[in-house]
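Come and read along with me.

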Amino acid sequence: MAAQQPTVFTPVTFSKYSKRVLLRTVFESGDGGLGFVDRKLVVGGWVKSSKEVIGDAVRPLVDASVKAAGDVLPLKAKDASCIEIVQSRIPIVRSLLRMLYGNNLHGGEKLETNVHQPPLPSTAFLVVNDGSCVANLQVVVESSLHQPIHLMPSGTCILVEGILKRVSVPGKHTVRLEVEKILHVGKVEKEKYPLSQKRIPMDVLRKFSYFRPRTSTVASVMRIRNALTFATHTFFQNHSFLYVQLPAITTTDSEGFSEKFHVTTLATKLAGKKVEPTEDKETDGVSLETLKAAVMEKSNLVKELERSEGNKEALAAAVQDLKRTNELALQLEARGKSKPESSKDKVNFHENFFPQETYLTVSGQLHLETYACALGNVYSCGPRFRADKIESAKHAAEMSMVEVEIAFAELEDAMNCADDLVKFLSKWVLDHCVDDMKFVEKRIDKTSIQRLESFISCSFEKVSYTAAIESLEKATPDQKHQHLKSLKFGAALTADHLSYLADTIYKKPVIVYNYPEGTKPFNVRLNDDGKTVAAFDVVLPKGGVVISGSQKEERLDVLMRRMGEMGLPREQYEWYLEIHRHGAVKHSGFSLAFDRFLLFTTGLTDIKDVIPFPRSFGKASD
């Protein structure tokens, strides 16, 4: 009978560019990895937890008569005392005996010789994750392959080759990788590694943005974020939208009243030099004309908040902001009237990289409109920046936005598209992030899956601004929400007002539309009643406002009149007016606050926990 040939295992690698198999491939095959049993795999990842099991074999004892270095022979059973056997099995006993008897025991006999004793064989059981999925893999490494002390610290990176085996007594793990070869070890300084401790609070993790994705929570959130990004592109590509890359640097404030980040290359030139205003009264990239326009807009905002009689914190912040802007305008005006001194150390702001005022974009909507008026249906995704000096769980200085513009479309069309997008994204997450959403449901928000499922099947409540005010007036809010009442037409609906509509009154997603003219940007189309504009907000229960949109004003005369009423410098928007002079078309669109939608999806409470590297007021470190 022919001898049985030994089994030859060929390594299985599924990641084309890193020569390893992703754990997602193993665990999402439908059988928990059993389909890969007895196959050789190359796996890489980071150690989440570990334990070491000392082998049953007795530590070899050294015969004192053996003189040659490295010659280690086991003593015969009759030569080994019981206490020596115990010492060899349990090292702590040897330490205790040394404390009690010193170096001598049994009538002056030396307890241990100075001959080196090799460590007992052991097995390291490592729980490893590679970031591709929620599931972890148990990796078994014998001490003969590598010292366990270098493999076991949390955060250690390993790349290993071994055979996948079925666990004899299934528990947390149904399979494990029995390692045959160590290909790489990335050691960790355990005392300095911030993730060595378990269950670190989210606010503490924000200090270590570069390590956060190694935690189970942030890893799941980032995989969901990736899925939502892909789903967004899929939705618009399936509906024949074209993707347009929009600029991060702009000369225009798309809303007309935003707090903006100024872009300048003069920072290094300002060091140690006396700064004087130039002839056009510019300083720090801000003109006197712009400041006066800002004062007018901030005054209007204060008046609106006063009329609403709600959100006292927002009112106080707006008043303080107006005061600061007024003071700056007065200072700049005073400088302009004074005679500038001649000095070779003056800074000429015309030496800036850009000859005019430039900002990090607050919104790409105006630029996107120009492409909608040529290509039809377009969308864009990217970072948008606001320099609002506030601390808020729903706001960051840099946030991701999805902006959409649809040619030959009116307000109703944009609202329907927004409705479909929210439902599509919700269903995509449930279909493609099953394990991650189960993790979210278990660890973060028990209602997360149920909430998304309910949105897919329900119809969104469409409520006009006037009807929304009437609903708030009729409601009987508890003590906490008493400030939401006493609204008059023209008052701005705050985030609290809108959330109360969705969370308490309608208990479902709400679309509020036809806002008063003074509460929305200059380019929103004026309705036939002359009082309201064609704008809308999509409000989700527990999510707040995630989409804001409008039909844009295509009538040049109306647009120019509104710009004048808001005190906007016409020269700054001349390029935008051009598309209304030549081939104007009705068009509508909206912006999805991507980070806020992700916050709503996962049930987390602070937007900084869903942004990979969050930037907020006073915080910009990596």
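**Entry 1: a pair across the chain.** I looked up Asp-445 and found that it forms a salt bridge with Lys-542, with the closest N and O atoms 3.4 Å apart. For my notes, a salt bridge is a side-chain nitrogen of Lys or Arg within 4 Å of a carboxyl oxygen of Asp or Glu. This pair links distant parts of the chain, 97 residues apart. Asp-445 sits in the loop between helix 12 (434-443) and helix 13 (448-457), and Lys-542 in the loop between strand 17 (532-540) and strand 18 (544-551). Helices (H or I, at least four residues) and strands (E, at least two) are DSSP runs, numbered from the N terminus.

Buried or exposed: which is Asp-445? Asp-445 counts as buried, at 7% relative accessibility, while Lys-542 counts as exposed, at 54%. My cut-offs are under 20% relative accessible area for buried, over 50% for exposed and partly exposed in between (1.4 Å probe, protein chains only).

**Entry 2: how I read the model.** This is a predicted model, where local features need pLDDT of at least 70 and side-chain atom pairs count only at pLDDT 80 or more, while totals for chains, interfaces and linings use all residues. Residues are numbered from 1 along each chain as its sequence is written, and side-chain values use heavy atoms, leaving out hydrogens and water.

**Entry 3: more pairs.** How many salt bridges does the structure hold? I noted 31. In one of them, the side chains of Lys-508 and Glu-461 meet at 3.7 Å, N to O. Here too distant parts of the chain are linked: Lys-508 is in the loop between helix 15 (495-505) and strand 16 (510-516), and Glu-461 is in strand 15 (residues 461-464), 47 residues apart. Glu-461 counts as partly exposed, at 27% relative accessibility.

I then turned to Arg-581, which forms a salt bridge with Glu-578 at 2.6 Å between the closest N and O atoms. Both lie in helix 17 (residues 574-581), three residues apart, about one turn of the helix. Arg-581 is partly exposed at 30%, and so is Glu-578 at 35%. I also found a network: salt bridges that share partners join Arg-206, Arg-212, Asp-606, Lys-608 and Asp-609.

**Entry 4: my reminder.** Side chains of opposite charge can pair when their charged atoms come close.
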